[in-house]
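Please walk me through this protein model.

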Amino acid sequence: MLPRIVHPEQLQGFRLSDGDHCRLALLSTPADGDSGNSDPEAVPSLFLEIHDPCDRVPPHAHHQAAELFFVLRGQVIFHLKDRSIRSGGGDFVVVPSATLHDLENPGPGRLYLLTMLSKDEGFADALMQGIPTPLDAEDLAVLKSL
């Protein structure tokens with residue numbers, strides 16, 4: 001497989017459902033990984049998350065995958081079991097597998113996260129079945145300024 005480059009204007013955003021405000025854009029899926037892997041769901045996926053101010057992701061857990069977040073821009077509050085962690089631009093946060101968690105953007109601006117699931121567990125396919133939602137001019141300007 002040849003290396004590829006993805007420019008911000010080539011990213012396709014998706015929402016998982018009508019009620020979601022969060023936009024996610026896949027950067028790498030299991031299809032990009034080792035073609036010799038017998039279990040594509042065991043390969044990581046990498047995506048960009050964009051959250052508007054006051055957006056909150058519902059509590060969830062990834063049963064066999066750690067979720068790794070790099071805060072590109074903005075502020076985020078991670079809620080993990082009985083505690084909360086506030087993070088900002090440049091911070092790296094690891095949520096271990098099977099940990100119930102959610103996150104919120106307290107604002108005032110948009111939150112941009114680079115997120116990796118250590119095992120895709122079908123997430124990339126589920127996301128591509130979601131609602132296509134283009135990245136807007138503000139998103140592209142932020143991504144190009146990083």
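**A walk through the fold**

Alanine 98 is partly exposed, with a relative accessible area of 49%. Here, buried means under 20% relative accessible area, exposed means over 50%, and partly exposed lies in between, using a 1.4 Å probe and protein chains only. Alanine 98 sits in the loop between S7 and S8. Its phi is near 65°, a positive value in a residue other than glycine. Most residues other than glycine have a negative phi, and most peptide bonds are trans.

A word on the model. It is predicted, so local features need pLDDT of at least 70 and side-chain atom pairs count only at pLDDT 80 or more, while totals for chains, interfaces and linings use all residues. Residues are numbered from 1 along each chain as its sequence is written, and side-chain values use heavy atoms, with hydrogens and water left out.

Two other backbone spots deserve a look. Lysine 81 has a positive phi of about 50° although it is not a glycine. Lysine 81 lies in the loop between strand S5 (75–80) and strand S6 (83–88). Its relative accessible area is 71%, so lysine 81 is exposed. The other spot is a peptide bond: the one from glycine 107 to proline 108 is cis, with omega near 10°. Proline 108 belongs to the loop between strand S8 (101–104) and S9.

Now the sheet. Strands are DSSP runs (E, at least two residues) and helices are DSSP runs (H or I, at least four residues), both numbered from the N terminus. Two strands pair if DSSP finds at least two bridges between them. Seven strands form an open sheet in the order S7-S4-S9-S3-S2-S1-S10, with antiparallel pairing. S7 and strand S10 (131–132) are the edge strands, and each pairs on one side only.

S4 and S7 pair in the antiparallel sense over four bridges. Phenylalanine 69 has valine 93 in S7 as its bridge partner. Next comes the pairing of strand S4 (residues 67–73) with strand S9 (residues 111–117), antiparallel over six bridges. Glutamate 67 has leucine 117 in S9 as its bridge partner. Arginine 73 stands opposite tyrosine 112, also in S9.

What does the S7 region show on its surface? Phenylalanine 92 lies in strand S7 (residues 92–95). Phenylalanine 92 is exposed, with a relative accessible area of 52%. Phe70, Phe92 and Val94 make a nonpolar surface patch of about 280 Å². Patches are made of residues with over 30% relative accessible area and no salt bridge; like charges are joined within 9 Å, and nonpolar side chains (Val, Leu, Ile, Met, Phe, Trp, Tyr) within 5 Å. Accessible areas come from the Shrake-Rupley method with a 1.4 Å probe; for residues, only the protein chains shown count as cover.

Next, the charged pairs. Side chains of opposite charge can pair when their charged atoms come close. A salt bridge is a side-chain nitrogen of Lys or Arg within 4 Å of a carboxyl oxygen of Asp or Glu. The whole structure holds nine salt bridges.

One of them joins glutamate 9 and lysine 144 (3.3 Å, N to O). This pair links distant parts of the chain: glutamate 9 is in the segment before strand S1 (13–15), and lysine 144 is in helix H2, 135 residues apart. Glutamate 9 is partly exposed at 48% relative accessible area, and lysine 144 is exposed at 55%.

Is arginine 23 buried or exposed? Its relative accessibility is 7%, so arginine 23 counts as buried. Aspartate 52 meets arginine 23 in a salt bridge (3.8 Å, N to O). Aspartate 52 is in the loop between S3 and S4, arginine 23 is in strand S2, and they are 29 residues apart. At 25% relative accessibility, aspartate 52 is partly exposed.

Aspartate 139 also forms a salt bridge with arginine 23, the closest N and O atoms being 2.3 Å apart. Aspartate 139 lies in helix H2 and arginine 23 in strand S2, so the pair ties together parts that are 116 residues apart in sequence. Both aspartate 139 and arginine 23 are buried. Salt bridges that share partners join Arg23, Asp52, Arg110, Asp136, Glu138 and Asp139 into one network.
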